[in-house]
Each structure stands twice: as C-alpha cells, then as structure tokens.
Amino acid sequence: MKLLKSKWIVKLVNISIAKPFVEKYHYAHGASKTSVSCFGLYYKNDNKTLHGISWWMPPPLGASKSVLPENPRNVLSLHRFCLVDDRPENAGSFLISKSIKMICKKRWTTLVTYADLALKHNGGLYKASNWLYSGITKKNPLFWDNNNNKMVSRKKGSKTYSIKQMIKLGFEHKGNFSKYKFIYPM
C-alpha cells in the first residue's frame with residue numbers, strides 16, 4: 001500500500017520525543033544526546049502517534065571534510081532514520097523529502113548519510129529519495145553493548161577509544177564494516 005501524501009504530515013519534533021522512538025525502532029537502539037533538527041511522521045488525523053523519525057546533526061569533522069573539504073562546517077548528517085515496521089511503502093522517502101525541505105538551506109549546503117553494510121542495508125531508500133551515491137567508506141569497528149542491547153560508538157566527546165579499550169570496557173566487537181555513503185547537495 002502506498003502512502004497518500006494528503007493524509008500524512010511531517011513536523012519538527014523535540015529530541016525528547018525522538019530519542020525514545022529511535023531507541024525502540026532503530027537497529028542501533030540509541031542515538032546522540034544532541035541534534036540540529038528531528039522531524040516526525042504523523043497521520044494527519046492523529047497528531048500524537050509518531051510513525052517515523054529523521055534525526056539530523058553535524059557529522060564528525062573527518063566525515064564532513066570527506067564530503068565538503070572547502071567548507072566542512074556546512075555539512076549536515078542524517079544521524080538516525082527509522083519507521084514503525086508496517087508503514088506504507090513510500091513513507092520513508094516521504095519523510096526524508098519533507099524533512100529536507102524544512103532544513104535551513106542558508107546554513108546547510110550539503111547533506112550526508114550512510115547505509116550500513118553490517119546490517120545488509122543497500123541505500124535503496126536514499127536512491128529513491130534522489131541522494132547521490134558517493135562510494136564506500138573504509139571499514140570501521142562495530143561494537144555492541146549486550147547489557148543494554150544497543151550499538152555503541154568508540155567516540156566519546158573528543159576521545160576515540162581503541163578496539164582493545166572498548167573490549168576492556170565490556171563491549172562486544174562485532175567486526176569491521178564499511179558503509180555506503182550518499183550525498184545530497186542542497
């Protein structure tokens with residue numbers, strides 16, 4: 001079943017609404033403590049039931065420089081994206097498209113996102129939403145917190161932990177994986 005655009009809306013939501021949704025529905029079961037913008041997908045006749053989230057924030061500086069070396073501070077990343085499983089088939093591209101239209105184009109000139117090969121994601125949603133495929137990233141370690149059932153990052157503020165340090169902290173090293181990178185010039 002296709003999403004009927006006239007029956008759905010995308011609106012800005014507070015991170016306090018986005019975070020629990022992402023923790024429940026996103027495969028990583030977690031997200032950053034900050035955002036530039038979070039947008040929610042709602043059925044027009046029900047402004048309380050959230051059906052999807054697009055969460056935007058600046059990527060790490062190295063990732064920004066790989067996208068826009070001359071102006072890395074103008075890059076915004078789709079940090080988390082998730083939907084409730086049984087949404088209409090084009091709900092994802094609808095949410096991304098509407099979100100992009102609400103992002104400040106004076107501040108952000110380029111968007112970046114990734115499709116995680118560790119989870120066999122191929123970026124089909126981004127291709128369907130007119131993002132440009134920009135290659136594959138180098139392999140990076142993937143860690144899992146088995147106590148809290150969520151993916152964890154090696155980066156904590158300005159510090160990046162080594163694989164040995166992460167294992168010593170009790171996190172499981174699932175392997176090293178690449179991601180497909182997609183860019184969206186604003």
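This is a predicted model: local features need pLDDT of at least 70, side-chain atom pairs count only at pLDDT 80 or more; totals for chains, interfaces and linings use all residues.
Which residue lies over the face of Tyr161? I looked, and Lys159 does, at 4.9 Å from the ring centre.

**Entry: charges over rings**

Besides Lys159 over Tyr161, I found Arg107 over the face of Trp108. The distance from the ring centre there is 3.8 Å.

**Entry: aromatic pairs**

I ran a search over the whole structure and got 8 aromatic pairs. One of them is Trp56 with Trp131, a stacked pair with 6.4 Å centre to centre and 10° between the planes.

Trp131 has 5% relative accessibility and counts as buried because the cut-off is under 20%.

Next I took Tyr133 and Phe182. Their ring centres are 5.6 Å apart and their planes are at 65°, so I wrote the pair down as edge-to-face. This pair also links distant parts of the chain, with Tyr133 in strand β6 and Phe182 in strand β12 (residues 179-185), 49 residues apart. I looked up the accessibility of both: Tyr133 is partly exposed at 48%, whereas Phe182 is buried at 0%.

Then I followed the ring pairs onward. They join Trp56, Tyr126, Trp131, Tyr133, Tyr180, Phe182 and Tyr184 into a cluster.

**Entry: strands around β12**

Which strands pair with β12? I found β5 (residues 110-116), antiparallel over 7 bridges, and β6, antiparallel over 3 bridges. I traced Ile183 in β12 to both: Val112 stands opposite Ile183, and Leu132 has Ile183 as its bridge partner.

**Entry: helix α3 and the cores**

I went to helix α3 (residues 91-102), which has 12 residues. From first C-alpha to last it reaches 17 Å, close to the 16 Å expected at 1.5 Å a residue. Its buried residues are Ala91, Gly92, Phe94, Leu95, Ile96, Ser99 and Ile100.

The largest nonpolar core has 21 residues. I listed the members that touch the most other members: Leu41, Trp56, Ile96, Ile103, Leu111, Tyr126 and Trp131. At least two residues of this core come from each of β1 (8-13), β2 (37-43), β4 (75-83), α3 and β5. Which element gives the most to this core? It is α3, with 5 residues. I also noted another core lying apart from this one, of 12 residues, among them Ala18, Val22, Leu50 and Trp55.

Leaving aside neighbours within four places in sequence, Tyr126 is in contact with Leu78, Phe81, Ile96, Thr113, Tyr114, Ala115, Trp131 and Phe182.

**Entry: Lys155**

Last, I looked up Lys155, which sits in strand β9 (residues 155-156). How accessible is Lys155? Its relative accessible area is 41%, so I put it down as partly exposed. Not counting residues up to four places away in sequence, Lys155 touches Pro60 and Thr160. I also checked Lys155 against Val13: the two are 142 residues apart along the chain, and their C-alpha atoms are separated by 26 Å.

How values were computed
Residues are numbered from 1 along each chain as its sequence is written. Side-chain values use heavy atoms; hydrogens and water are left out. Rings of Phe, Tyr and Trp (its six-membered ring) pair if their centres lie within 6.5 Å; planes under 30 degrees apart count as stacked, over 60 as edge-to-face and the rest as tilted. Buried means under 20% relative accessible area, exposed over 50%, partly exposed in between (1.4 Å probe, protein chains only). Helices (H or I, at least four residues) and strands (E, at least two) are DSSP runs, numbered from the N terminus. A charge sits over a ring if NZ of Lys or CZ of Arg is within 6 Å of the ring centre and within 35 degrees of the ring normal. Two strands pair if DSSP finds at least two bridges between them. The expected span of a helix is 1.5 Å times one less than its number of residues. A nonpolar core is a set of buried Ala, Val, Leu, Ile, Met, Phe, Trp, Tyr and Cys residues joined through side-chain atoms within 4.5 Å. Contact means heavy atoms within 4.5 Å.
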